[in-house]
Amino acid sequence: MDDLNKMIGQLEGALNLSPGQIPPEVVPPASTKVGGDAKKKEKASKKEKAKAVKAPKVTKGGKGGGKPTPPPADYPSICQIEFKVGKIVKVWPHENADKLWCEEIDVGEDEPRKICSGLRPFYTEEQMLGHRLLVVANLKAKNLKGFKSHGMVLCASKDDKVQFIEPPEGAPLGEVVQFEGLPPTHPNSAAQVEKKKIFMEAAKGMVTNDAFEGTFEGHRFMT
C-alpha cells in the first residue's frame with residue numbers, strides 16, 4: 001500500500017503547492033486485500049444496502065438562514081466530509097499549468113462547480129468530459145495558479161496510476177455518500193474542515209478494496 005504522506009508530498013511538488021496545502025484532488029492509496037471473512041462481509045453489506053440511510057437534520061438559524069449545526073465533537077472524521085456524486089460537464093486545460101485540468105462539475109446544485117485537478121498526466125480531455133465521479137464538496141475554495149477551485153475530485157493511486165473513484169451508475173447527481181456501518185453523514189462547515197484539518201485526518205483511513213470501492217478503515221462508501 002502506498003504511503004499517503006509521501007504521495008501528498010509528491011503532488012504538492014508537482015503542483016507547486018506549499019506543504020500542508022490541500023491538493024486539487026485526493027489520491028488515497030489503493031489496497032489489494034480486505035481483511036476478515038469475505039462471505040460474512042458480503043452478507044452484512046447486503047443487509048446494509050437494504051436499509052435507507054438518512055442524513056441528520058441541519059438546523060439553520062434566523063430569518064435569512066445561518067450556519068449549519070456542527071456535528072458532535074466525537075463524530076467520525078469521515079462522516080464530517082461531504083462527498084457528492086458529480087459529472088464533469090465541461091473541461092479545459094489550465095492556461096498557466098501544464099498538469100492541471102479546469103472543470104465544471106454538476107453536483108446537483110444551482111450551478112456546476114468549478115474545480116481544478118492535477119490529472120492531465122493521467123486523463124485526456126475526452127476521457128474527462130462526461131465522467132461520473134465523487135466531489136469533496138465542503139472544502140474552502142483554493143486559488144490554484146489563478147483559478148479558484150471549489151472542492152476537489154476523489155481519486156485513487158497505485159503503481160504510478162491514478163483513477164477516479166466512481167459512484168454506482170444509478171446514483172443521482174448531488175447524492176451525498178454515506179459510510180457502511182458508521183453514523184449518517186453530517187458535513188461540517190468548510191471553515192471548520194480546514195481549521196481542524198478534518199479532511200486530512202479522514203484521508204489517513206481512506207483506501208480502496210479489491211473491487212476498487214472507496215473505503216474508510218474498512219467501511220465502504222455507499223450511495
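Which side chains are joined by a polar contact of 2.8 Å? I looked this up and found Asn-209 and Glu-213. A polar contact here is a pair of N or O atoms within 3.5 Å; within protein, one must be able to donate a hydrogen and the other to accept it, and residues adjacent in sequence count only if both atoms are side-chain atoms.

**Entry 1. Basis of the values**

I note that this is a predicted model, in which local features need pLDDT of at least 70 and side-chain atom pairs count only at pLDDT 80 or more, while totals for chains, interfaces and linings use all residues. Residues are numbered from 1 along each chain as its sequence is written, and side-chain values use heavy atoms, with hydrogens and water left out.

**Entry 2. The chain as a whole**

I recorded five helices and 13 strands for the protein chain. Helices (H or I, at least four residues) and strands (E, at least two) are DSSP runs, numbered from the N terminus. Of the 223 residues, 43% are buried. Buried means under 20% relative accessible area, exposed over 50%, and partly exposed in between (1.4 Å probe, protein chains only).

The chain exposes about 12,400 Å², of which carbon and sulfur atoms supply 51%. Accessible areas come from the Shrake-Rupley method with a 1.4 Å probe; for residues, only the protein chains shown count as cover.

I then turned to contacts, which are heavy atoms within 4.5 Å. Among those between residues at least 6 apart in sequence, 67% join residues at least 24 apart.

**Entry 3. Asn-209**

I returned to Asn-209 and placed it in the loop between β11 (206-208) and β12 (214-216). Asn-209 is buried, with a relative accessible area of 10%.

**Entry 4. The nonpolar cores**

In soluble globular proteins, nonpolar side chains tend to be buried together. A nonpolar core is a set of buried Ala, Val, Leu, Ile, Met, Phe, Trp, Tyr and Cys residues joined through side-chain atoms within 4.5 Å.

I found 24 residues in the largest such core, where Ile-78, Ile-81, Phe-83, Phe-199, Met-206 and Phe-221 touch the most other members. Two or more residues each come from β2 (83-93), β5 (132-136), β8 (152-158) and α5 (198-203). The largest share, four residues, is given by α5. Another core lies apart from this one; it has 15 residues, including Val-107, Tyr-123, Val-135 and Val-153.

I also listed the contacts of Phe-83, leaving aside neighbours within four places in sequence. Among them are Ile-78, Leu-154, Phe-179, Phe-199, Met-206 and Phe-221.

**Entry 5. Pairing of β2**

Which strands does β2 pair with? I found β5, paired with β2 in the antiparallel sense over five bridges, and β3 (residues 101-106), antiparallel to β2 and joined to it by six bridges. Two strands pair if DSSP finds at least two bridges between them. Val-85 has Leu-134 in β5 as its bridge partner, and Lys-87 stands opposite Asp-106 in β3.

**Entry 6. Salt bridges**

I counted seven salt bridges, each a side-chain nitrogen of Lys or Arg within 4 Å of a carboxyl oxygen of Asp or Glu.

Glu-194 and Lys-142 form one of them, their closest N and O atoms being 2.7 Å apart. Glu-194 lies in helix α4 (residues 190-195) and Lys-142 in strand β6 (residues 142-144), so the pair ties together parts that are 52 residues apart in sequence. Glu-194 is partly exposed at 30% relative accessibility, and Lys-142 is partly exposed at 24%.

Arg-220 and Glu-180 meet in another, at 3.1 Å from N to O. Because Arg-220 lies in strand β13 (residues 219-222) and Glu-180 in the loop between β10 (178-179) and α4, this pair ties together parts that are 40 residues apart in sequence. Are these two residues buried or exposed? Arg-220 is buried, with a relative accessible area of 11%, and Glu-180 is buried, with 12%.

I noted a further bridge between Lys-204 and Glu-201 (3.2 Å, N to O). Lys-204 is exposed at 60%, whereas Glu-201 is partly exposed at 43%. Lys-84, Glu-109 and Arg-113 are linked in a network of salt bridges.

**Entry 7. Gly-108**

I located Gly-108 in the loop between β3 and β4 (113-117). Gly-108 counts as exposed at 53% relative accessibility. Not counting residues up to four places away in sequence, Gly-108 touches Leu-173 and Gly-174. The C-alpha atoms of Gly-108 and Glu-175 are separated by 7.8 Å, although these residues are 67 apart along the chain.
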